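Subject: Handover of a structure and notes on its packing

Dear colleague,

Please find below the structure that I am handing over to you. My notes on the sheet and on the packing of helices follow it.

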Amino acid sequence: MPQYVAAIDSGTTSTRCMLFDHAGSVVASDQREHEQIFPRSGWVEHNPAEIWQRTEQVIRATLDKTGVNAADIAAIGVTNQRETTILWDRRTGEAVHNALVWQDTRTDRICKELEAAGHAETFYRKAGLPLATYFSGPKIRWLLDNIPGLRARAAAGDLLFGTVDSWLIWHLTGQHVTDPTNASRTMLMDLETLDWDDELLGILEIPRSLLPQIRPSSAPRFYGMTRSDGPFGGAFPVCGDLGDQQAATVGQNCFAPGEAKNTYGTGCFMLLNTGAEIVHSRNGLLTTVCYQFADAYPVYALEGSIAMAGATIQWLRDNLQLIQNAAESETIAQSVQDAGGCYLVPAFSGLYAPYWRSDARGVLVGLTRYINRAHIVRAALESICYQTREVLEAMNADSGVPLKALKVDGGATANNFLMQLQADILGTEVIRPRVAETTSLGAAYAAGLAVGYWENLDALRDNWQMDRRWQPQIDEARRESGFAGWKKAVARTLDWVEP
């Protein structure tokens with residue numbers, strides 16, 4: 001009997017491969033970064049060929065660490081940075097341009113033109129999304145409109161579009177597919193039918209021939225078998241596919257309506273399971289597909305998306321050189337009692353939930369001569385927590401049920417001081433699972449369920465174990481005073497970019 005399920009997790013800054021056993025424990029893993037490309041202010045790109053190269057490398061390295069052979073792997077799941085947009089040649093498999101990353105803001109004019117034409121309500125009603133630079137549809141439109149020859153090649157059926165999951169699955173199996181969680185982030189899929197919508201395609205002038213087939217997130221009939229000459233070295237079923245935040249929701253076992261998780265990665269993403277109900281937010285959140293297992297009805301979610309979380313710490317390291325590595329931020333931030341009255345609002349790509357303001361830009365305010373490096377580092381950590389509080393308040397307002405505890409995951413949860421700050425700023429208990437990289441685990445669960453490696457959701461719930469919990473340690477007056485200062489700082493970011 002196969003012993004493991006493999007997960008490929010291609011994120012914004014790196015790609016990893018992880019092997020999990022039946023208990024949901026990590027058996028082996030490997031991770032490698034890829035380049036962040038910034039051609040202009042507000043533009044963010046990745047090299048798709050480099051992402052595939054890193055994927056091949058981490059798969060081979062992970063298998064080499066364990067000596068796994070064909071008989072040992074039951075299934076493969078894929079999870080990915082969502083919204084990031086790739087176009088490639090149908091025949092050669094070569095990308096025709098760098099990937100436009102979810103953080104990229106070059107489609108701002110397209111979004112404003114669509115809004116001025118009165119299309120905002122149509123996208124909100126059908127796709128559950130606001131007109132924002134975040135999503136894939138406007139990015140496809142920008143590539144077709146601005147890269148010479150691409151629109152003609154698309155019309156001729158020579159090009160394919162995919163988010164990173166489709167790009168990787170195409171290279172692994174030769175199949176052009178995606179799942180509803182990724183498709184729901186394109187602005188092109190109807191949330192009710194789980195199919196590409198002709199009206200939305202027409203508004204954005206995108207040919208249907210570009211688009212992958214939408215299959216369930218956990219697909220018993222598989223997306224395809226890996227090529228024998230590929231990095232797995234044999235034919236394995238690829239049968240799980242989830243956008244990274246939905247994968248983390250599955251990895252955290254948030255299977256019941258009302259259960260929520262927050263993932264701290266490059267950005268920060270909170271998802272609340274709303275069950276079979278499509279809940280349209282009144283408070284700046286996104287309506288999205290949470291997962292669809294086999295041929296069951298889809299499960300939906302409300303999501304609060306924050307662009308800058310771990311990326312803010314990366315900015316401290318790479319751009320300002322205030323820290324040497326991410327782990328150092330914990331020690332430095334603890335060396336001061338507070339942020340000294342300063343706030344950092346990292347609106348480097350505008351503000352996402354709950355504001356959706358592409359005109360915003362980052363600010364560092366409240367500076368005095370008292371402020372030093374430690375205060376700025378602490379303000380950076382607090383910015384992650386304050387943004388999460390804004391999303392949680394919107395989620396409480398939409399759901400009508402205040403969240404009593406927040407499950408957390410992602411690389412930044414290794415920072416214990418950050419997690420204590422989060423509990424303090426929220427006034428809510430924060431709980432970290434034993435396997436913090438639940439994004440990869442969720443992809444593995446989707447694949448394993450498809451082939452019967454895990455029998456049902458109860459088997460996954462049995463695997464979940466708590467590592468640590470944090471309780472709020474500050475009083476309500478201090479909490480509210482700090483949040484009021486944050487709101488003033490956010491107001492300073494708005495209307496910075498002129499139309």
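Two strands are taken to pair if DSSP finds at least two bridges between them. Helices (H or I, at least four residues) and strands (E, at least two) are DSSP runs, numbered from the N terminus. This is a predicted model, in which local features need pLDDT of at least 70 and side-chain atom pairs count only at pLDDT 80 or more, while totals for chains, interfaces and linings use all residues. Residues are numbered from 1 along each chain as its sequence is written, and side-chain values use heavy atoms, with hydrogens and water left out.

The sheet

The model contains an open sheet of 6 strands in the order β3-β2-β1-β5-β14-β13, with mixed pairing. Its edge strands, β3 and β13 (224-225), each pair on one side only. Helix α1 (residues 48-66) packs on this sheet and touches β1 (4-10), β2, β3 and β5 (73-80); contact means heavy atoms within 4.5 Å. The direction of α1 makes about 150° with that of β3. Axes are lines fitted to C-alpha atoms, for helices over the stretch in contact, and angles run from 0 to 180 degrees between N-to-C directions.

Strands β2 (residues 14-20) and β3 (residues 26-33) run antiparallel and are joined by 7 bridges. Ser-14 has Glu-33 in β3 as its bridge partner. The two strands form a hairpin with 5 residues between them, and Gly-24 in the turn has a positive phi of about 80°.

Helix α9 and its neighbours

Helix α9 (residues 244-251) lies across β5 and β14 (237-243), at about 100° to β14. It also packs against helix α14 (residues 438-451) at an angle of about 80°, with the axes 7 Å apart. The helices α9 and α14 are therefore roughly perpendicular to each other (angles under 35 degrees count as roughly parallel, over 145 as roughly antiparallel, 65 to 115 as roughly perpendicular and the rest as oblique). Residues in this contact include Asp-244 and Ala-247 of α9 and Leu-441 and Tyr-445 of α14.

Helices α10 and α12

The axes of helix α10 (residues 310-318) and helix α12 (residues 373-399) come within 9 Å and cross at roughly 160°, which makes α10 roughly antiparallel to α12. Among the residues making the contact are Ile-313 and Leu-316 of α10 and Val-377 and Leu-381 of α12.

Yours sincerely
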